[in-house]
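Q: I am new to reading protein structures. Can we go through one, feature by feature?

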Amino acid sequence: MGLTFINALVFGVQGNTLRALGRDTPLNQFLAGAAAGAIQCVICCPMELAKTRLQLQGAGPARTYTGSLDCLAQIYRQEGLPGVNRGMVSTLLRETPSFGVYFLTYDVLTRALGCEPGDRLLVPKLLLAGGTSGIASWLSTYPVDVVKSRLQADGLRGAPRYRGFLDCVRQSYRAEGWRVFTRGLASTLLRAFPVNAATFATVTVVLTYARGQEADGEAVPAAAPAAGPALAQPSSL
């Protein structure tokens, strides 16, 4: 439910920010992606809070929540708006740089692979670039994600343990060592490749088709989401 709005927001903000910056450069790709990552936290943080709480609750009669919206409603009644936005700082610390890496990696790879209209291997190349971008994005900030998940789950089964982001980092490291910050990484990367491969390839193909329709059937190069005519590289996202 959350991803529908998150992806629409991410690609829209990234494309418009890149157009506002005026030049399609690696730095601007990173900055546009970082801006998109920061803004989508408004949706991402509450949705991931609900997901975490639902995954940790008991089964059967022990269930506390009946679904995502019920979970957020109960949290709001008990803790107010700060409760719904629990983990927002750590989410911002994760999403802002990771989306910068996400779009920068995709841009570099599509250029390197020569992803141009008419290439018979265009879709496989887009899938490879998108999947690799997803992996690079998660690798860049995964330890922050571990801390965010712990903060959002804190207090669900007993008294709260952490006073904040840095306190969670200190306690986690003292109790379990540095490996705690890589816990769950393998399964996350296994998910990241196909999900992001499909996402980027679909966005690129749909935008190429849509722009072709807007041009009254004339061929239009594949481009970034809302990359605009001022951007030179047709494979840029």
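Predicted model: local features only at pLDDT ≥ 70, side-chain atom pairs only at ≥ 80, totals over all residues.

Q: How many residues does helix H3 have, and what span does it reach?
A: Helix H3 covers residues 41-56, which is 16 residues. From the first C-alpha to the last it reaches 22 Å, close to the 22 Å expected at 1.5 Å a residue.

Q: Which residues of H3 are buried?
A: First the general idea: an α-helix has 3.6 residues a turn, so residues three or four places apart point the same way. In H3 the buried residues include Cys41, Cys44, Cys45, Glu48, Leu49 and Thr52.

Q: What covers the buried residues of H3?
A: The cover includes helices H1 (2-21), H2 (26-39), H4 (68-84), H5 (88-113) and H6 (122-153).

Q: How many salt bridges are there?
A: For a salt bridge, a side-chain nitrogen of Lys or Arg must lie within 4 Å of a carboxyl oxygen of Asp or Glu. The count by this rule is 10.

Q: Where does the partner of arginine 94 sit, and is that arginine buried or exposed?
A: Arginine 94 pairs with aspartate 145, with 2.4 Å between the closest N and O atoms. The pair links distant parts of the chain, since arginine 94 is in helix H5 and aspartate 145 is in helix H6, 51 residues apart. Buried means under 20% relative accessible area, so arginine 94 counts as buried at 2%, and aspartate 145 does too at 10%.

Q: Which residues do shared partners join into one network?
A: Glu48, Arg94, Glu95, Asp145 and Lys148 are joined by salt bridges that share partners. Of these, Glu48 is also one of the buried residues of H3.

Definitions and conventions. Residues numbered from 1 in each chain as written. Heavy atoms only, no water. Helix = DSSP H or I, 4+ residues; strand = E, 2+ residues; numbered from the N terminus. Expected span 1.5 Å × (residues − 1). Buried < 20%, exposed > 50% of the residue type's maximum accessible area, 1.4 Å probe, protein only. Contact = heavy atoms within 4.5 Å.
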